[in-house]
There are 2 protein chains.
Amino acid sequence: MIEVHAFATPNSVKVLIALEELRLPYELKPVNVRRGEQKAEAFLALNSNGKVPVLVDDGFVLTESAAILVHLAEKTGKLLPQHGVGRARVFEQLFFHASGLSPAFGNAGFFKRASPEPQPIAEARFTTEGDRLLGLLDRKLASQSFVTGEEFTIADIAHFGWMWRIAFPGLSLDGRPNLSRWFDTVAARPAVELAIARVEAIVPAA
Amino acid sequence: MIEVHAFATPNSVKVLIALEELRLPYELKPVNVRRGEQKAEAFLALNSNGKVPVLVDDGFVLTESAAILVHLAEKTGKLLPQHGVGRARVFEQLFFHASGLSPAFGNAGFFKRASPEPQPIAEARFTTEGDRLLGLLDRKLASQSFVTGEEFTIADIAHFGWMWRIAFPGLSLDGRPNLSRWFDTVAARPAVELAIARVEAIVPAA
């Protein structure tokens, strides 16, 4: 039995998308990060880092959304090539996402929306970096269907999480035609629609 | 033939450590990031993201230091368990490093040393986060020898890169006895000593 502790966040939705793509049944356990539930004692016992998502797979507790994607892909033999260049490209994009795009987007959003006082250099630093990385992805997608080539993989799922929440850092896909086409293609996948519907259903009406 | 385009940086040294641990011969191609050589046209042709390290393995160009670690580990069947919980733990730590520790350390260092004007909230945000993550690692290492258990893996190599440069973000291992013990153990490995000597040898005398 698989449990996912998650909310309607960029990192959470990735795991649900992978589970829906792989047709693995799971139970969704809501963790309302707007109320700080990810810092509550019960949750910290699951992930001392205080972050969603967390996967519990037959009692095995795993954190870090991209590590969960790798685990699910290797468990099923899908969404990640078994060897060769294609496999290395998936890891390259997963780490480009984790170390580059994700912190740029997250920090741009923080300094734009949540900083107790304006920090203009910090806001510009992360916004500029996020936009630069969108440009790199757009150029890559000019000559290929998905972020690592012609196959849809967990690397597309990773990038989709933040593209779905691109309004948070105040960025946009405008002027990025290849990335926009990719986004529309991924968003239209039935598994992606199902995953989004499931995470949005756990957000309480304000 | 393996080429590594690198400098004496936290991410570069990881790749050299892995190559030395695996006893794979390689040619080190210096990219002096203090002079901005990673933004020069010749280098951007190799990595459009303008970052070291880059591995060229028989003509196959791979970026992202952690993706390079995975590639080298899978190529040789070493430093990464083939399956099971141990394997998932390595990916969990690699992504914890890439998405958490590495951006916190890098940004703390930027706002402490390189920001054109002080950004006190930003500096405190990343310094506090870096220190919090050091605490998590220290607690983990209270009950195990290495960051994923009793075996030395590429996850230890990933964390070592930034611990070796912990002065940059103004952080310290003081008061972190388990992490200090781990650091000393890893630093004393002959492969680690060799890798550090090789990257330090390419830094021109100021």
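Q: Why is the pair A:R189 and A:E21 called a salt bridge?
A: In this predicted model, the closest N and O atoms of A:R189 and A:E21 are 2.7 Å apart. The cut-off is 4 Å between a side-chain nitrogen of Lys or Arg and a carboxyl oxygen of Asp or Glu, so this Arg and Glu pair qualifies.

Q: What makes up the interface of domain 1 and domain 2 of chain A?
A: On each side, 17 residues are in contact with the other domain. The domains bury about 1,500 Å² between them, with 70% of that area on carbon and sulfur atoms. Across this interface there are two salt bridges and four residue pairs in polar contact, both residues being at pLDDT 80 or more. On the domain 1 side, the elements that give two or more residues are helix 1 (10-21), helix 3 and helix 8 (190-201). Helix 1 has the largest share, six residues. By class, that side has eleven nonpolar, one polar and five charged residues.

Q: How do you know how much area chain A and chain B bury between them?
A: The size of an interface is often given as the accessible area lost when the parts come together. For chain A and chain B this area is about 3,300 Å², 62% of it on carbon and sulfur atoms. In this interface 41 residues of chain A are in contact with 41 residues of chain B.

Q: What makes B:R87 and A:E74 a salt bridge?
A: The closest N and O atoms of B:R87 and A:E74 are 2.6 Å apart, and this distance is within 4 Å, so the pair meets the cut-off. The count between the two chains is two salt bridges. There are also 16 residue pairs in polar contact across this interface, both residues being at pLDDT 80 or more. Strand 4 (60-63), helix 3 (65-76), helix 4 (84-113) and helix 5 (120-140) of chain A each give two or more residues to the side that touches chain B. Helix 4 gives the most, with 15 residues.

Q: What links B:R87 with B:E74?
A: Their side chains meet in a salt bridge, 2.7 Å from N to O. B:R87 is in helix 4 of chain B and B:E74 in helix 3 of chain B, 13 residues apart. A:E74, A:R87, B:E74 and B:R87 are linked in a network of salt bridges.

Technical notes:
Residues numbered from 1 in each chain as written. Chains lettered and ligands numbered in written order. Heavy atoms only, no water. Contact = heavy atoms within 4.5 Å. Buried area = accessible area lost by both parts, 1.4 Å probe. Polar contact = N/O pair within 3.5 Å; in protein donor to acceptor, adjacent residues only side chain to side chain. Helix = DSSP H or I, 4+ residues; strand = E, 2+ residues; numbered from the N terminus. Nonpolar A, V, L, I, M, F, W, Y, C, P; charged D, E, K, R; others polar.
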